[in-house]
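This report describes the fold, the packing and the chain contact of one structural model. Please consult the sequence and the coordinates alongside the text.

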Amino acid sequence: MSIFQYDFMVRALIAALITGFTAPTLGIYLVQRRMSLIGDGIGHVALTGVGIGLLTGNSPVLAAVVVAAAGAVAVELIRQRGRTSGDIALAILFYGGIAGGVFLVGLASDKSNANLMAYLFGSPLSASRSDLVVMGVLGVGVLAVTVLLRPWLFAICQDEEYAKVSGLPVRTLNLLIAVATAVTVTVAMRAVGLLLVSALMVVPVAAAQQLTRGFRSTMHAAMGIGVLAAALGIWISGAAGGGGTAPGATIVLVAIGLFLTATIGAAGWRILRRRTAGVLGGLGGERAAPAEIEPPDVVLDR
Amino acid sequence: MTATTVAPIVAVDRAVVAYADRPVLRAVSLRVYAGEVVAVLGANGSGKSTLIRAALGLVPLSGGSVRLFDMPLRRFRQWRRIGYVPQRVGAGSGVPATAGEVVAAGRLARRGFLRPARNADRAAVTGALAAVGLADRIGDPVGTLSGGQQQRTLIARALAGDPELLVLDEPTAGVDAASQQAFADALHAFVGAGGTVLLVAHELGPLQRLISRAVVVHDGAIAHEGPVPEPAGHHADPAHDHVHPHGPVAEPGLWSAP
């Protein structure tokens with residue numbers, strides 16, 4: 001209970017909350033495009049940026065932003081081409097990114113092992129005040145894109161050709177999503193690590209859409225679930241015995257737990273409602289009319 | 001057929017399109033004038049969809065040219081004047097979206113970048129859904145609608161932008177009878193208000209009465225162009241599945257542009 005009497009726990013909590021709040025707002029567009037795993041790949045590429053930052057004595061976070069953004073733009077260009085060889089190009093980019101990162105981090109410092117683990121799996125407990133400021137600024141930047149541009153980004157992710165014929169700046173918006181993905185990855189790096197970044201973008205969205213009917217409500221619910229997972233994860237990891245559990249992994253496991261709860265709950269609710277509807281239908285008239293439109297059998301009748 | 005002094009709304013001139021090395025359109029020309037309802041008919045793989053996709057710039061031309069509203073396609077910017085209804089590949093996607101949210105995307109061309117939605121925008125969305133008979137489904141996820149209702153949602157999306165030209169790619173394919181009728185009514189209202197329509201179809205069904213001119217595409221060339229009567233009536237017959245205008249596919253006469 002009293003774990004938050006320590007400053008580093010409070011800073012860890014803030015770092016996790018920023019991530020939990022921001023990551024799903026970007027992740028929802030990746031899920032909509034069925035590109036849920038792209039965030040993972042960009043995380044791999046970002047590690048090379050971390051390595052370059054450490055090696056050159058610059059901020060690893062800013063170097064990661066730049067390199068991850070370049071990687072994300074490359075992914076977007078490959079996606080636009082739509083070639084079958086694109087799949088292999090992505091694989092090479094992602095594995096090149098993580099191998100380059102491990103290589104460069106190893107070159108950069110003698111205590112590289114601990115350093116590497118911190119970037120791969122997160123180390124919110126060591127977040128400094130200035131780390132939080134950087135995360136906050138980048139997070140606000142991501143939110144400005146994902147929330148303010150929602151109607152436009154929704155349109156291009158939902159139906160890209162239609163968006164083109166609507167005269168939307170499709171290419172620019174796609175690149176904006178790519179860069180925002182890279183920034184989100186670097187924001188989340190401190191809290192959950194580069195290997196688990198993608199989870200916080202995708203899992204809260206997956207959980208939210210079990211409960212929601214629209215895009216906007218899914219985004220809001222996913223933000224809530226992300227924040228809940230972050231807070232619970234940090235608390236569990238700090239309160240657990242034996243010096244605590246790994247915070248990043250704990251947050252992700254909590255998020256997956258919330259996803260399972262939402263899925264089971266929604267399925268149970270549907271069964272319950274169908275039973276109630278069946279009873280009402282048996283009772284007679286009123287619900288029969290809308291129920292007639294619903295079944296997909298109508299589609300087949302042409 | 002139409003006054004030559006008036007510039008056509010859509011002017012495709014000797015368009016050539018090839019996927020990889022396979023020619024899909026061989027120097028096809030098509031003109032659509034204001035107020036017309038033009039149906040592009042043809043069998044699957046005839047190139048009819050490619051023709052209108054090329055007219056919208058969705059497919060690159062390897063020859064010929066396209067003008068929209070008397071502007072070369074490359075310099076055309078007034079996309080708000082066009083409402084496009086793509087072939088339905090499922091209006092649903094990875095994340096749920098309500099019918100209202102999908103239709104609202106059709107308003108963006110009018111709304112202007114970064115401008116928040118105004119009352120007029122919201123009214124256009126509800127109006128467009130009402131025009132296709134789905135006013136009561138505005139808050140329902142599109143994934144839960146039937147195929148015909150999803151198709152009508154996409155038509156409402158095109159109508160929401162208040163376009164002058166509707167371009168529809170197979171709007172009635174696999175759509176139930178009730179939706180076909182709702183769609184024909186919506187199109188009738190649009191044409192009655194002075195709108196122009198270019199649509200691709202495999203069969204016309206209840207739309208047939210609306211069509212002012214039919215163009216039959218076969219093997220990447222135009223095999224017939226003119227008033228609907230015989231050919232369209234024939235092709236609209238549900239029992240007739242394919243267009244076989246003149247026997248052998250590689251007949252030399254089909255290569256020359258009309």
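The sections below treat the model and its conventions, each chain, the contact between chains, and selected residues.

## Model and conventions

The model is predicted: local features need pLDDT of at least 70, side-chain atom pairs count only at pLDDT 80 or more, and totals for chains, interfaces and linings use all residues. Residues are numbered from 1 along each chain as its sequence is written, while chains are lettered from A and ligands numbered from 1 in the order in which they are written.

## Chain A: overall architecture

Chain A contains 14 helices and zero strands; here helices (H or I, at least four residues) and strands (E, at least two) are DSSP runs, numbered from the N terminus. Of its 302 residues, 48% count as buried. A residue is buried if 20 or more other C-beta atoms lie within 10 Å of its own, exposed if 12 or fewer, and partly exposed in between, with C-beta atoms placed from the backbone.

Among the contacts in chain A with a separation of 6 or more, 72% join residues 24 or more positions apart. Two residues are in contact if their C-beta atoms, placed from the backbone, lie within 7 Å.

## The largest nonpolar core

The largest nonpolar core has 173 residues, and A46(A) and A68(A) touch the most other members. Such a core is a set of buried Ala, Val, Leu, Ile, Met, Phe, Trp, Tyr and Cys residues joined through C-beta atoms within 7 Å. With 14 residues, helix 1 (residues 7–32) of chain A gives the most to this core.

Beyond its neighbours within four places in sequence, A46(A) is in contact with A64(A), V67(A), A68(A), V185(A), T186(A), M189(A) and L194(A).

## Helices 10 and 11 of chain A

Helix 10 (residues 197–208) and helix 11 (residues 215–239) of chain A have axes that come within 8 Å and cross at roughly 120 degrees. Axes are lines fitted to C-alpha atoms, for helices over the stretch in contact, and angles run from 0 to 180 degrees between N-to-C directions. Helix 10 of chain A and helix 11 of chain A are therefore oblique to each other; angles under 35 degrees count as roughly parallel, over 145 as roughly antiparallel, 65 to 115 as roughly perpendicular and the rest as oblique.

On the helix 10 side of chain A, L200(A), P204(A), V205(A), A207(A) and A208(A) take part, meeting T218(A), A221(A), A222(A), I225(A), G226(A) and A229(A) in helix 11. This contact has nine nonpolar, two polar and no charged residues. In this classification, Ala, Val, Leu, Ile, Met, Phe, Trp, Tyr, Cys and Pro count as nonpolar, Asp, Glu, Lys and Arg as charged, and the others, Gly among them, as polar.

## Chain B: overall architecture

Chain B has seven helices and 10 strands. Buried residues account for 49% of its 258 residues. Of the contacts in chain B with a separation of 6 or more, 72% are between residues 24 or more positions apart.

Helix 1 (residues 48–55) of chain B is mostly covered, eight of its eight residues being buried. These include K48(B) and R53(B). Just after this helix of chain B, G57(B) adopts a positive phi of about 80 degrees.

## Helices 5 and 6 of chain B

The axes of helix 5 and helix 6 (residues 177–192) of chain B come within 9 Å and cross at roughly 15 degrees. Helix 5 of chain B and helix 6 of chain B are therefore roughly parallel to each other.

From helix 5 of chain B, G148(B), Q149(B), Q151(B), R152(B), I155(B) and L159(B) meet A178(B), S179(B), A182(B), F183(B), A186(B) and F190(B) in helix 6. By class, seven nonpolar, four polar and one charged residues form this contact.

## Contact between the chains

In chain B, 28 residues are in contact with 32 residues of chain A. Strand 6 (82–85), helix 2 (99–104), helix 3 (108–111) and helix 5 (147–160) of chain B each supply at least two residues of the side that touches chain A. Helix 2 of chain B gives the most, with three residues. The side of chain B that touches chain A has 16 nonpolar, eight polar and four charged residues.

## Two positions around strand 8 of chain B

G195(B) is found in the loop between helix 6 and strand 8 (196–201) of chain B. G195(B) is partly exposed, because 19 other C-beta atoms lie within 10 Å. Not counting residues up to four places away in sequence, G195(B) touches E164(B), L166(B) and F190(B).

V197(B) lies in strand 8 of chain B and counts as buried, because it has 23 C-beta neighbours inside 10 Å. Apart from neighbours within four places in sequence, V197(B) is in contact with V37(B), V38(B), L166(B), L187(B) and V191(B).
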